[in-house]
Amino acid sequence: MSTPQANPSNPLDQLRDIHLPDPISWWPPAPGWWLLLGLLVIFTLLGWLAYRWYCRGAIKRAALTELERISNHYKEQALLQQLSQLLRRVALATHPRQQVAGLQNQAWLEFLDRFVTGSPFSDGVGTILADGPYQSNDVEYDATALIRLSKSCILGLFKQGGRYA
């Protein structure tokens with residue numbers, strides 16, 4: 001048995017097989033993919049920054065809402081205790097624990113004075129916060145001025161220094 005020979009007179013016998021081109025490489029990506037990657041990085045960074053900004057504001061909004069609740073619902077001795085606790089919590093949220101947690105009496109009032117103009121905690125209406133919340137009998141103080149002072153102190157705690165400034 002013999003193999004068929006190519007017929008030189010038939011032009012189709014002289015054709016070669018089709019050669020396919022090399023497969024397209026995925027690297028380097030097209031410029032559109034680079035642009036998409038850049039936009040993804042930018043939007044991720046912007047989202048992260050917006051989230052941090054919102055969280056910082058959320059703590060501040062919560063503190064001011066709590067101050068409003070305290071000023072509307074508490075009277076006399078309970079108001080002093082609640083304001084003292086709120087200021088302590090905000091200070092702990094905005095500053096390192098080792099800097100704030102151990103402060104008492106005059107040192108605590110001087111710390112709070114750093115966040116308001118003058119020294120209303122050491123020498124003014126805020127002095128009641130040193131020992132007033134811990135006294136069993138009713139003490140005389142200007143509640144409206146103390147609430148206003150507490151609000152300016154809370155805003156100052158967030159504005160100056162601290163973790164969420």
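Which residues does Ser150 touch, not counting residues up to four places away in sequence? The first legend answers this for the predicted model.

Figure 1. Ser150 sits in helix H6. Its contacts are Leu67, Leu83 and Leu87, once residues up to four places away in sequence are set aside. Ser150 counts as buried because its relative accessibility is 0%, against a limit of under 20%. Helix H6 spans residues 143-159 and is one of the helices that pack against the buried residues of H4.

**Figure 2. Helix H4 and its packing partners.** Helix H4 covers residues 105-113. Its buried residues are Trp108, Leu109, Phe111, Leu112 and Asp113. Four helices pack against these buried residues: H2 (76-94), H3 (97-100), H5 (128-131) and H6 (143-159). The spacing of buried positions can be read with helix geometry in mind. An α-helix has 3.6 residues a turn, so residues three or four places apart point the same way.

**Figure 3. Backbone of Asn105.** Asn105 lies in helix H4. Its phi is positive, about 45°, although Asn105 is not a glycine. Asn105 is partly exposed because its relative accessible area is 47%, between the limits of 20% and 50%.

Figure 4. A pair of aromatic rings is described by the distance of the centres and the angle of the planes. The model holds four aromatic pairs.

**Figure 5. The Phe111–Phe115 ring pair.** Phe111 and Phe115 pair edge-to-face: the centres are 5.1 Å apart and the planes make 70°. What is the exposure class of Phe111, buried or exposed? Phe111 is buried, at 4% relative accessibility. Phe115 is buried as well, with a relative accessible area of 5%. Phe111 is also among the buried residues of helix H4.

**Figure 6. The peptide bond from Trp27 to Pro28.** This bond is cis, with omega near 0°. Pro28 belongs to the segment before helix H1, which covers residues 31-73.

**Figure 7. Whole chain, for orientation of the close-ups.** The protein chain has six helices and zero strands. From the N terminus on, the order of elements is α-α-α-α-α-α. The C-alpha trace spans about 125 × 30 × 30 Å along its principal axes. The radius of gyration is 36 Å, whereas a compact globule of 165 residues would be near 15 Å. Of the 165 residues, 29% count as buried. Among contacts between residues at least 6 apart in sequence, 58% join residues at least 24 apart. The chain exposes about 11,900 Å², and carbon and sulfur atoms supply 60% of that area. The 15 positive and 13 negative charges have mean positions 2 Å apart.

Key:
Residues are numbered from 1 along each chain as its sequence is written. This is a predicted model: local features need pLDDT of at least 70, side-chain atom pairs count only at pLDDT 80 or more; totals for chains, interfaces and linings use all residues. Side-chain values use heavy atoms; hydrogens and water are left out. Buried means under 20% relative accessible area, exposed over 50%, partly exposed in between (1.4 Å probe, protein chains only). Helices (H or I, at least four residues) and strands (E, at least two) are DSSP runs, numbered from the N terminus. Contact means heavy atoms within 4.5 Å. The radius of gyration is taken over C-alpha atoms; the globule rule is 2.2 Å times the number of residues to the power 0.38. Accessible areas come from the Shrake-Rupley method with a 1.4 Å probe; for residues, only the protein chains shown count as cover. Lys and Arg count as positive and Asp and Glu as negative; His and the chain ends are not counted. The place of a charge is taken as NZ of Lys, CZ of Arg, CG of Asp or CD of Glu. Rings of Phe, Tyr and Trp (its six-membered ring) pair if their centres lie within 6.5 Å; planes under 30 degrees apart count as stacked, over 60 as edge-to-face and the rest as tilted.
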